[in-house]
Amino acid sequence: AYGAISCVVLAAGAKILLHGRFEGLERGGLLLILLFYIIAPAIASIPILELKGVVGFSAAYFEMASALTTTGASIFWDVDRVPDAVILWRSMLAGFGGLVCLVSALAILAPLSIGGFEVEHMIDRRAQTINYEFLCASEGARTRDLVDRLAWALRIVLIPYLVLMLVCAFALAANGVSAFEAICLALGAISTTGFVPHSEGVAGYRSLLIEIILILVMIPAAVGVSTHVAGLRTGIRVYLRNAELRYMAILVSGVVLLLFLRHWIGAIETQSTGEIRAGLAALWGSFFMAVSFLTTTGFESAAWDGATEWSGLKTPGVALVGLAIIGGGAASTAGGVKLVRAALLAKHSMGELRRLARPSSVQPIFSGGRSVTFDALRIVWVFVMLYAITVAVCALGLTATGFKFVDAFAGSIAAISNTGPLLPLISGEQGAYTSLDPVARFLLCGAM
């Protein structure tokens, strides 16, 4: 009740003070997003701060920022001791944060040709701005009024988003998960946050069906919202022709194959290759973890540790770091550099290497069957360089607060790629975020 009253008062004051100041297409929407991610975690912290002695303001702000940005970095390493109200509250905010990502992508980022849209808009043409007709024929999509665009995007996204979340929750409940935990897991999966309702996480259920259900939710959540909009209009063929899904399949298959071969070699040395069931479990564990971290969710499979037991070799966490950096589809709830940018960067790099041997050759680059302009490739390079610089600056800031060098880079990548569970996995400490310095918490919030 206190949180609701505070929110209403602040919203009314903001409405009066900022009336008419977000009407411009160029900057109003971006400023609105920035203000949302700065102010909303503070408001969302109020109910948690009412629980005396649970957390301080910096910790509560960090937890709420992690939820709203769909990062999933939690200060509560022992979730079983946290009140259910707090667990449900942060899961609801994670689901809301995922919805905000999709709505703002359609209504704010797409008209400005940013946030992953810039590459698609510059394929086969030199246009700097989007033609909204490829998203929706509605006049509401092309209006310059920000409120109308937000309402239009919300009408498109809300129902499919809620339906997928509820279907996931019912499917989990049908497989033995309690109603409370099913709702929290469904919200964590569809928002690619990775929040779990108990300390053992997804691995604690030790159920193949539950992990399959979560994968069937994480993959659509990591596909760009424009693809889903086009799919609702024209049918399933849009997904079959989608370049990002192909990139996702190739990347996951390659990483899983390499990890499985590594464990297979270890199993040969330990003479465990005859244990077919253990080998299949290791294969599934690698597949689930690859999908989970590529979508920047961070759920951990029950079979992940089983792979180590089968082969005697520890799975290198750097593979998961690489997947988290690449991330999911553009304009989705997943974080990272985005699949389309990573694929174009790889193709451009290979083209430049071939050009060393044949300097006069003309080698166009294609994405989804269409040629890519030089401007699109330039934007990808600029984005990746800025991404790398941001990771380095954030890591240096974390080392100044007492972080170890490796943990600083892992924490920086975890925050910027919105893959919160990455730091505990790399550092081996479940409570990696619990004892952070307040300065480090706010630095990570800024990275998120």
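This is a predicted model: local features need pLDDT of at least 70, side-chain atom pairs count only at pLDDT 80 or more; totals for chains, interfaces and linings use all residues.
The protein has 20 helices and two strands. Of its 448 residues, 50% are buried. If we take the contacts between residues at least 6 apart in sequence, 67% of them join residues at least 24 apart.

I shall begin with a pair of helices, α5 and α7. Helix α5 covers residues 84-112, and helix α7 covers residues 146-174. Their axes lie 9 Å apart, and the two helices pack at an angle of about 135 degrees. That angle makes α5 oblique to α7. As for handedness, the crossing of α5 and α7 is right-handed.

Which residues form this contact? On the α5 side they are A94, G95, G98, L99, L102, V103, L106, A107, I108 and P111. These meet L146, R149, L150, W152, A153, L154, V157, L158 and Y161 of α7. By class, the contact of α5 with α7 consists of 16 nonpolar residues, two polar and one charged.

Let me stay with R149, which is found in helix α7 and is among the residues that meet α5. Is R149 buried or exposed? Its relative accessibility is 2%, and R149 therefore counts as buried, the limit being under 20%. R149 and P111 are 38 residues apart in sequence, yet their C-alpha atoms are 9.9 Å apart in space. P111 itself belongs to the α5 side of the contact.

Helix α13, residues 276-294, packs with helix α15, residues 318-326, at an angle of about 35 degrees. Here the axes are 7 Å apart. From α13 the contact draws on M289, A290, F293 and L294, and from α15 on L320, L323, A324 and I326. In the contact of α13 with α15 there are eight nonpolar residues, with no polar and no charged ones.

With a relative accessibility of 0%, T296 counts as buried. What does T296 touch, leaving aside residues up to four places away in sequence? The list comprises T192, A324, G327, A334, G335, G336, S417, N418 and T419. One of these, A324, also takes part in the contact of α13 with α15, on the α15 side.

Next, the last part of the chain that I wish to discuss. A440 is placed in helix α20, which spans residues 438-447. At 1% relative accessibility, A440 counts as buried. Beyond residues up to four places away in sequence, A440 touches L398, T401 and F403. Between A440 and L398 the separation is 42 residues in sequence and 6.0 Å in space, C-alpha to C-alpha.

Finally, the cysteines. How many disulfides does a search of the whole structure find? The search finds zero. Two cysteines may be mentioned by name. C168 has a relative accessibility of 1% and so counts as buried. C445, at 13% relative accessibility, also counts as buried, because buried means under 20%.

The contact of α5 with α7 includes one charged residue, whereas that of α13 with α15 has none.

Technical notes
Residues are numbered from 1 along each chain as its sequence is written. Side-chain values use heavy atoms; hydrogens and water are left out. Axes are lines fitted to C-alpha atoms, for helices over the stretch in contact, and angles run from 0 to 180 degrees between N-to-C directions. Helices (H or I, at least four residues) and strands (E, at least two) are DSSP runs, numbered from the N terminus. Angles under 35 degrees count as roughly parallel, over 145 as roughly antiparallel, 65 to 115 as roughly perpendicular and the rest as oblique. A crossing is left-handed if the near helix is turned anticlockwise from the far one by less than a right angle, and right-handed if clockwise. Contact means heavy atoms within 4.5 Å. Ala, Val, Leu, Ile, Met, Phe, Trp, Tyr, Cys and Pro count as nonpolar, Asp, Glu, Lys and Arg as charged, and the others, Gly among them, as polar. A disulfide is a pair of cysteine sulfur atoms within 2.5 Å. Buried means under 20% relative accessible area, exposed over 50%, partly exposed in between (1.4 Å probe, protein chains only).
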